[in-house]
Amino acid sequence: MAFASTPPYDGTLAKYYALPEDFCYKLPDHVSLEEGALVEPTAVAVHIVRQAAVKPGNNVVVFGAGPVGLLCAGVSAAFGAERVVVVDIQEKRLAFARDWVKGAKTSTFLPGKDATAEENAARLIAENALGDGADVVIDASGAAPSVATGIEVLRTGGTYVQGGMGRPEIPFPILKVCVKEVTVKGSFRYGSGDYKLAVELVAGGKLDVKGLVTGKVGFGEAEKAFETVRGGEGIKTLIEGVKD
């Protein structure tokens with residue numbers, strides 16, 4: 001499979017980028033190009049949430065409050081989740097999540113740095129009134145402590161989806177997976193129908209993707225956008241197109 005920005009294939013930092021017509025989705029007239037630029041990460045989140053089979057009334061815990069994690073929280077709410085808990089180690093990102101996620105009871109959790117996965121999970125469940133645990137856990141961080149805590153947070157028979165990519169191999173609480181009889185799934189990019197649904201969610205006002213944009217840089221200053229991400233600043237920095 002050829003995928004832009006995945007070696008050996010170049011990315012899309014160019015004035016024009018040619019694609020087969022049947023790979024393209026037309027944006028509705030009222031959807032801006034800025035919003036259109038955020039359809040791709042939205043489609044990633046749609047695929048993750050569909051993998052998790054989030055249903056109305058579910059309690060969902062999302063680890064990682066970066067763009068994809070926030071979008072997973074927003075898509076879960078759009079799918080009818082009753083409560084969404086966003087977990088991150090940066091308080092400023094949690095504050096952003098509390099304001100941005102709409103359509104569900106939204107709360108956040110800051111893990112203890114020196115606490116075990118069991119301790120953090122117990123406190124997360126108690127502070128967010130999750131009872132026997134979460135119906136669905138989505139990891140959008142790829143961090144090993146989040147994976148371990150996520151399995152602990154799940155109720156018996158719950159569903160865990162790994163969306164974040166971290167180290168190739170990490171310790172995994174396989175005994176808890178067996179004892180709880182949880183469903184564990186991976187998620188990679190997107191599949192059939194995900195882009196279409198992402199466009200519909202944005203066009204229908206279900207997701208305020210513009211609200212995720214915390215900065216913009218000109219095309220000639222594209223490197224600044226990557227430096228911003230590397231420094232953990234903001235949520236989403238857009239690189240503007242080439243201006244004639």
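This is a predicted model: local features need pLDDT of at least 70, side-chain atom pairs count only at pLDDT 80 or more; totals for chains, interfaces and linings use all residues.
The buried positions are A144, S146, V147, T149, G150, I151, E152 and V153. Their packing partners include three strands, β1 (59-63), β4 (134-139) and β5 (154-162). Helices α5 (117-127) and α7 (174-180) also pack against the buried residues of α6.

The model contains 11 salt bridges. One of them joins E34 to K216, with the closest N and O atoms 2.5 Å apart. E34 belongs to helix α1 (residues 33-36) and K216 to strand β7 (residues 213-217), so this pair ties together parts that are 182 residues apart in sequence. K216 has a relative accessibility of 47% and therefore counts as partly exposed, the range between the 20% and 50% limits.

Because an α-helix has 3.6 residues a turn, residues three or four places apart point the same way. R123 is partly exposed, at 32% relative accessible area.

E221 and K224 form a further salt bridge, with 3.1 Å from N to O. Both side chains belong to partly exposed residues: the relative accessible area is 38% for E221 and 44% for K224.

The whole structure holds 3 aromatic pairs. In one of these, Y25 and Y195 are stacked, with ring centres 5.5 Å apart and 20 degrees between the planes. This pair links distant parts of the chain, since Y25 lies in the segment before α1 and Y195 in helix α8 (residues 194-203), 170 residues away. Y195 also pairs with Y190, in an edge-to-face arrangement with 5.2 Å between centres and 90 degrees between planes. Each of these tyrosines is partly exposed, with relative accessibility of 42% for Y25, 23% for Y195 and 24% for Y190.

Together with F3, the residues Y25, Y190 and Y195 make up one aromatic cluster. The ring of F3 additionally carries a charged group over its face: R189 is placed there, 3.7 Å from the ring centre.

Terms used: Residues are numbered from 1 along each chain as its sequence is written. Side-chain values use heavy atoms; hydrogens and water are left out. Buried means under 20% relative accessible area, exposed over 50%, partly exposed in between (1.4 Å probe, protein chains only). Helices (H or I, at least four residues) and strands (E, at least two) are DSSP runs, numbered from the N terminus. Contact means heavy atoms within 4.5 Å. A salt bridge is a side-chain nitrogen of Lys or Arg within 4 Å of a carboxyl oxygen of Asp or Glu. Rings of Phe, Tyr and Trp (its six-membered ring) pair if their centres lie within 6.5 Å; planes under 30 degrees apart count as stacked, over 60 as edge-to-face and the rest as tilted. A charge sits over a ring if NZ of Lys or CZ of Arg is within 6 Å of the ring centre and within 35 degrees of the ring normal.
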